[in-house]
Amino acid sequence: MDEIELKFVSSAEQTAALCTQVPGLPGLVTPPTTRLLRSIYYDTPDQVLRHNGIALRLRFDGAGWVQTVKAKNKRHGGLHTTQESDCPADGETLRLKLIPDTGLRDRITALCRRRDLAPICETRMERTAALVDIAAEGRVELAIDRGEIRAGERCEPYHEVELELVRGEISALFTLTARLFPEGGLRFAPISKAARGYMLAAEGRIAEPPAPRHAHPVLLTPKQTGETAAREVLRVCFDQITQNIDTFRDRDDPEGAHQLRIGLRRLRSASALFRPVIGHPNLTRLRAEARWLSREVGLLRDLDMALTDLLAPEAEACPEEPGFALLTDLLVPRRQTQRDRVREVLTSARTQAFLLDLARFIETRGWLRPDDFAQDYRLSRPAKKLVRRAIHNRWKACETRAEGIETLSIDARHALRKELKKLRYAMEFLAPLLPRKRTKSALRRLKRLQDVFGDLNDLSTVERLLLAPDAPGRRDPDVQRAVGRVLGSHRVRADLRWAEAQHLWQDLRAHKPGP
């Protein structure tokens with residue numbers, strides 16, 4: 001049996017507030033019940049079950065012991081889909097022969113042959129649960145867990161909210177989530193309690209340290225349809241966005257904001273790339289929300305770049321210039337104010353609605369239109385057949401923007417930079433369907449060209465920041481002298497880099513990317 005759940009890491013305050021909210025929920029089937037659950041996870045000394053994606057547990061639920069096997073845990077868009085098989089147990093004694101699913105039973109028996117099974121970790125949770133009917137969508141079991149995860153002498157508190165689909169459509173999970181948490185601030189749970197217990201046993205913690213997430217490759221195959229390829233690309237974009245939101249909320253690392261902005265740009269690029277396949281008004285709206293969120297993060301990224309990449313090197317090179325320290329002292333508080341602003345935005349109801357709507361769109365095939373009789377044909381076309389036109393269109397857009405490259409204005413250079421970025425993202429998304437050697441070479445050239453354009457864009461950004469009417473230190477001659485030094489040195493560099501950009505563009509044209 002497959003178990004489909006939407007899981008969220010919660011705080012003690014969130015779970016306490018939710019428990020008081022449950023009795024008044026619309027659609028409540030039965031009054032909520034609260035019970036203690038003790039779950040013990042078993043494995044071999046070399047953890048052969050974990051390495052094969054299997055969790056084996058005994059759970060006491062207040063009425064008796066239950067033996068459960070979980071396998072094939074997949075997480076997409078916050079959803080956890082797991083193959084599950086359980087049966088009554090005789091106390092704290094494993095009985096592998098009683099596993100109802102014969103395939104799982106044979107596999108576990110083979111893996112554990114001549115290996116002893118022993119407890120690795122356990123969870124002790126107070127669970128408040130209720131069944132909720134979502135009109136026209138389905139029935140959901142809501143479970144609010146408050147307790148701890150243990151491994152040997154180690155113990156960590158943990159709170160989680162689980163929504164399990166009992167029957168009906170997956171959309172019911174997202175509808176109930178939006179109803180339960182209208183104010184925002186949710187965090188998707190990326191891993192299971194069992195995985196956290198194993199981590200506690202091995203590393204003494206129940207979660208990975210927050211870290212910026214860079215773009216991951218998309219695992220496409222030539223046999224996939226355009227629809228499944230689009231879905232996989234959107235899932236990778238979703239994961240990059242949500243992980244970097246969590247990282248930004250927990251850390252001041254500028255890379256988190258940078259990678260969040262990249263994830264949002266990649267999502268917008270993917271939505272444009274696959275519009276012929278999954279075009280829908282909801283996709284247009286999600287793309288607009290991604291643009292809004294990217295703008296909110298953008299000013300902070302600009303301040304990070306100005307302080308770290310432009311101002312700091314100049315200050316180090318000119319220690320006798322007092323204006324650099326004054327300018328830094330003026331920009332740092334402005335950056336902190338913007339960082340606080342972005343944190344508020346990322347925990348807002350609007351951002352949460354965007355993430356839930358994006359996940360719903362991806363996981364429920366939100367692009368389907370019952371009245372579009374030609375849609376089946378578009379969705380079922382092999383992804384391989386979409387590649388040639390997609391890359392061709394992106395390349396032609398670059399060529400159009402690069403016409404007369406020697407005389408391009410600042411705005412025209414910026415437009416070309418954006419088209420090159422879209423081409424690069426498209427090639428990265430579709431790389432498994434493109435000629436490997438030629439694509440690798442083209443991406444290398446694109447990256448070098450983008451790096452140059454990035455430097456040019458940084459100069460334009462810092463000019464807007466330091467020469468704006470509300471720019472810091474506009475009336476301080478020392479600050480203005482420092483601003484002049486920064487802009488002067490970077491304008492010289494920009495001129496040199498622009499000559500390099502023209503050369504790199506001609507090199508890219510000579511090795512035209514494509515299938």
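Helix H14, residues 410-430, packs against helix H15, residues 436-467, at an angle of about 145°. Their axes lie 9 Å apart. The crossing of H14 and H15 is left-handed. On the H14 side, the contact includes Ile 410, Leu 416, Leu 420, Leu 423 and Met 427. H15 brings residues including Ala 442, Leu 443, Leu 446, Leu 449 and Phe 453. Charged residues take part too: the contact of H14 with H15 divides into 10 nonpolar, 6 polar and 6 charged residues. All of this is read from a predicted model.

Now turn to helix H9, which spans residues 281-317 and holds Asp 302. Is Asp 302 buried or exposed? Its relative accessibility is 16%, and buried means under 20%, so Asp 302 counts as buried. Beyond its neighbours within four places in sequence, Asp 302 is in contact with Arg 261, Thr 461 and Leu 465.

The strands come next. Strand S3 covers residues 54-60, and strand S4 covers residues 65-76. S3 and S4 pair in the antiparallel sense over 7 bridges. In one of these pairings, Ala 55 has Lys 70 of S4 as its bridge partner. S3 and S4 form a hairpin, with 4 residues between them. Gly 62 sits in that turn and has a positive phi of about 100°.

S4 also pairs with strand S5, residues 79-88. These two strands run antiparallel and are joined by 9 bridges. Here Val 66 has Pro 88 of S5 as its bridge partner. S4 and S5 form a hairpin as well, with 2 residues between the strands. In this hairpin, Gly 77 takes a positive phi near 60°.

Note on methods. Residues are numbered from 1 along each chain as its sequence is written. This is a predicted model: local features need pLDDT of at least 70, side-chain atom pairs count only at pLDDT 80 or more; totals for chains, interfaces and linings use all residues. Side-chain values use heavy atoms; hydrogens and water are left out. Axes are lines fitted to C-alpha atoms, for helices over the stretch in contact, and angles run from 0 to 180 degrees between N-to-C directions. A crossing is left-handed if the near helix is turned anticlockwise from the far one by less than a right angle, and right-handed if clockwise. Contact means heavy atoms within 4.5 Å. Ala, Val, Leu, Ile, Met, Phe, Trp, Tyr, Cys and Pro count as nonpolar, Asp, Glu, Lys and Arg as charged, and the others, Gly among them, as polar. Buried means under 20% relative accessible area, exposed over 50%, partly exposed in between (1.4 Å probe, protein chains only). Two strands pair if DSSP finds at least two bridges between them.
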